[in-house]
Amino acid sequence: MRALNTYLELLTDWNQRMNLVGPATLPDFWGRHAWDSAQLISLAPEALTWADLGAGAGLPGIVLAILGQDREGFEVHLVESMAKRCRFLEEVVGELDLPATVHHERAENLSWDVDIVTARACAPMTRLLGYAQPWLSGANQGLFLKGQDVAAEIEAAREAWRFEAELLPSTSDPRGRIVRLRNKIHARRS
């Protein structure tokens with residue numbers, strides 16, 4: 001709890017200088033941000049290596065790194081293309097001594113062998129699958145936090161991609177969903 005409180009303090013401070021999360025959402029940090037991110041651990045309790053694509057404010061990646069901090073071999077790759085957001089992520093990782101590495105790069109230009117690929121508020125499913133494709137080898141899985149319009153996003157994404165998705169309910173918001181991808185995704189041929 002101490003680490004999550006420190007993260008909230010850093011997020012609140014930095015959010016005054018740059019838009020990391022909507023300022024109106026900070027009063028509900030615990031339900032809207034912390035719990036929303038933390039619920040992913042229960043969907044992959046054995047996972048040790050995570051990649052958070054479009055890490056932005058560190059949701060879910062920083063929360064996952066805090067929760068996994070005492071697990072041997074636990075690591076989160078925070079992938080973010082914007083330098084100023086990377087500076088924020090690096091400060092949080094350093095301040096809390098988290099098992100996380102910040103990568104200042106576009107997600108689709110990188111990939112490592114990870115157990116779970118995740119993203120939250122990164123992009124609509126069609127674009128998100130393009131970012132995630134190099135990361136999803138078929139042996140791992142994707143867990144993407146999405147909102148109430150996810151069914152329409154999945155339908156649109158099926159025009160460009162072949163994939164199998166399972167929709168799971170969010171425990172933090174009855175309108176939210178978690179998209180689980182368990183096998184490799186493929187671009188559709190024209």
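Mentor: Let's start with elements: helices (H or I, at least four residues) and strands (E, at least two) are DSSP runs, numbered from the N terminus. With that, alanine 121 sits in the loop between β4 (116-120) and α5 (125-132). This is a predicted model, where local features need pLDDT of at least 70, side-chain atom pairs count only at pLDDT 80 or more, and totals for chains, interfaces and linings use all residues. Residues are numbered from 1 along each chain as its sequence is written, and side-chain values use heavy atoms, with hydrogens and water left out.

Trainee: Why is alanine 121 called exposed?

Mentor: Exposed means over 50% relative accessible area, buried under 20%, and partly exposed in between (1.4 Å probe, protein chains only). Alanine 121 has 77%, so exposed it is.

Trainee: What makes phenylalanine 29 and tryptophan 30 an edge-to-face pair?

Mentor: Rings of Phe, Tyr and Trp (its six-membered ring) pair if their centres lie within 6.5 Å; planes under 30 degrees apart are stacked, over 60 edge-to-face, and the rest tilted. Here the centres are 5.0 Å apart and the planes at 80°, so the pair is edge-to-face.

Trainee: And why is the pair of tryptophan 112 and tryptophan 135 called tilted?

Mentor: Their planes are 50° apart, with 5.4 Å centre to centre, so they pair and count as tilted.

Trainee: How do you know whether tryptophan 135 is buried or exposed?

Mentor: Its relative accessible area is 1%, so tryptophan 135 is buried. Tryptophan 112, at 34%, is partly exposed.
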